[in-house]
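Subject: Structure handover

Hello,

The structure is shown below, followed by notes on what was found in it. Please read the notes with the structure open.

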Amino acid sequence: MAKTKIAYFCQSCGFESAKWLGKCPSCQQWNTFVEEILEKTNTSIPNWKSSPAPSQRANKPVQVADITFTEEHRLLTPDKEFNRVLGGGIVAGSLVLIGGEPGIGKSTLMLQLALNMPNIKVLYVSGEESDKQIKMRAERLAPDFGELRIKGQESRAEFGKGCYVLTETSTQNIFKQIEELQPDLVVVDSIQTLYSAHIESTPGSVSQVRECTAELLRFAKESSTPVFLIGHITKDGMIAGPKILEHMVDTVLQFEGDRHHVYRILRTIKNRFGSASELGIYEMLGEGLREVSNPSEILLSQRDEPLSGITISATLEGMRPMLIETQALVSTSAYGTPQRTATGFDTKRMSMLLAVLEKRCGFRLGAKDVFLNITGGIRVEDPAIDLGLAAAIISSHEDIPIPFKTCFAGEIGLSGEIRAVNRVEQRIAEAQKLGFEQIFISKYNMPSAAKDKKRLDLSRYTIDVKPVGRIEEVFGLLFG
Ligand code: TYD
Ligand code: MG
């Protein structure tokens, strides 16, 4: 009988301590320690090909110049948005974590992917649903699913041909099945349900999650098989269990969106094989997720007449320009304390904008309720949306609509200056592509030297580019 060892783990950051602590010395959170039983059991339990301990495989230092490098082979999926967020396809032997709130569509995304790759063997391991439930979901995803279907795939017989389902939670059993099946890709739904016999504590606990991930990591690297892990996210947006998971895996993707809206965003948080600012957009339909290749068109609502309080901002999410509609409502507060609510935008930043409008432009917003909304359930962090939001607030306050076919891209500073934003050319080009007639940008984005002129060549655009330096100028131009 092996000796039982007890340790305490911080549920927030994974810090390990021999005794219980009220406050975590690592992440400073209170009351996050839970007891877990660690039992380093006899090593007779089979594991992923019990490989020699790292210390026995001595590596020698080599000069960088001597390291031979071959372009990694990437496996392309039929889902273009997915390829994009991964940095151009799945890298062999990579371990990818997909996080997201419950019910957002993680299982749907991965199952859909598994079903649409008939030319390779995909093992979908589920510890959350029974095989009948998975079959039901697959049936839903099956019929005539146009865009994700591989070209030339005519019959439904092809659909899901390479997809094998395994309902199992013990990692040792999973590895046994993997050795038999020899899959080309493994999906694990979810890491929190897995259980390794090497550790005594319950599934989902910090030490289990860590151990199971470590075993899968070793499997991925040694067999060069890519592994996708689905992970749940806690209320405060952390991948449940330890932050440590994020350090172990190669790529972290986050699937997010408002459950009451149809749009979902797959965002790269970390990527060892590509840019960490990529973004994929999907629409959740009754028959699964559909790629959205032109986001701007769906994010702009169709209107016949100009309404006050609505503006369009040219934002950039990752490398992609996107035109987003923002709405503001300013009304006299019925209660003593004015309300400030923002959906899809940081409330602190909104307070800052209101303060700038009050102090620099003399609008009396102190006793007003202000509501801001970014349509489509999307969260925007790009500061270039400031100018559009400020214009929406004033448009609602004055009850004057913003002219049709006008959009904005500029950050607002504390003194009311409009600051330059990055990649302004891309934003202008996107606005022009969608038929906008004028765009307000910062005058600091305008070319000042001859060499800059080459970069931002305004003669290329037919759209009217209006450079502005201060927020008052914008209102002067808009509202006269
Ligand atoms: P699911 O993939 O189970 O979420 P997660 O694994 O992240 O917890 O998705 C759940 C939601 O998606 C559920 O509320 C129903 C919805 N849904 C659709 O709208 N269309 C579909 O085709 C499927 C399969 C699910
Ligand atoms: Mg699920």
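**Helix H3**

The face of H3 turned away from its buried side carries Lys-132, Lys-135, Met-136 and Arg-140, which are exposed. Before going on, some conventions. This is a predicted model, in which local features need pLDDT of at least 70 and side-chain atom pairs count only at pLDDT 80 or more, while totals for chains, interfaces and linings use all residues. Residues are numbered from 1 along each chain as its sequence is written, chains are lettered from A and ligands numbered from 1 in the order in which they are written, and side-chain values use heavy atoms, with hydrogens and water left out.

Buried means under 20% relative accessible area, exposed means over 50%, and partly exposed lies in between (1.4 Å probe, protein chains only). Helices (H or I, at least four residues) and strands (E, at least two) are DSSP runs, numbered from the N terminus.

H3 covers residues 131-141, and its buried residues are Ile-134, Ala-138 and Leu-141. Seen down the axis of H3, these residues fall within an arc of 60 degrees, so they line one face of the helix. The arc is that of the directions from the helix axis to the C-beta atoms. An α-helix has 3.6 residues a turn, so residues three or four places apart point the same way. The cover over the buried residues of H3 includes helix H2 (106-115), strand E7 (122-126), strand E8 (163-167) and strand E14 (288-291). Cover here is counted by contact, which means heavy atoms within 4.5 Å.

**Ligand 1**

Which residues are closest to ligand 1? They are Gly-103, Ser-107, Thr-108, Leu-285 and Gly-288, out of 16 residues that surround the ligand. A residue is near a molecule or strand if one of its heavy atoms lies within 4 Å of it. H2, H3 and strand E13 (279-285) each supply at least two residues of this shell.

Three polar contacts can be listed. A polar contact is a pair of N or O atoms within 3.5 Å; within protein, one must be able to donate a hydrogen and the other to accept it, and residues adjacent in sequence count only if both atoms are side-chain atoms.

- A polar side-chain atom of Thr-108 is 2.6 Å from an oxygen atom of ligand 1.
- A polar backbone atom of Gly-103 lies 2.7 Å from an oxygen atom of ligand 1.
- A backbone N or O atom of Ile-104 is 3.4 Å from an oxygen atom of ligand 1.

On its own, ligand 1 has 560 Å² of accessible area, and the protein covers 75% of that. Accessible areas come from the Shrake-Rupley method with a 1.4 Å probe; for residues, only the protein chains shown count as cover.

Thr-268 lies in strand E12 (residues 263-271) and counts as buried at 4% relative accessibility. A polar atom of the Thr-268 side chain lies 3.1 Å from the backbone oxygen of Val-85. Not counting residues up to four places away in sequence, Thr-268 touches Val-85, Val-252, Leu-253, Ser-275, Ala-276 and Glu-278.

Ser-313, in strand E15 (residues 310-317), is buried at 0% relative accessibility. Beyond four places in sequence, its contacts include Met-322, Ile-385 and Phe-408.

Leu-353 is in helix H8 (residues 347-361) and is buried, with a relative accessible area of 1%. Leu-353 and Leu-389 are 36 residues apart along the chain, and their C-alpha atoms are separated by 8.4 Å.

**Backbone details**

The peptide bond from Asp-189 to Ser-190 is cis, with omega near -5 degrees. Ser-190 sits in the loop between strand E9 (185-189) and helix H5 (206-223). Gln-28 is not a glycine, yet has a positive phi of about 65 degrees; Gln-28 is partly exposed, with a relative accessible area of 44%. Lys-405, also not a glycine, has a positive phi near 60 degrees and is partly exposed at 41%.

**The protein overall**

The protein has twelve helices and 23 strands, and buried residues make up 50% of its 480 residues. Its accessible surface is about 23200 Å², of which 52% belongs to carbon and sulfur atoms. The structure holds zero disulfides, a disulfide being a pair of cysteine sulfur atoms within 2.5 Å. Cys-27 is partly exposed, at 22% relative accessible area, and Cys-212 is buried, at 0%.

Regards
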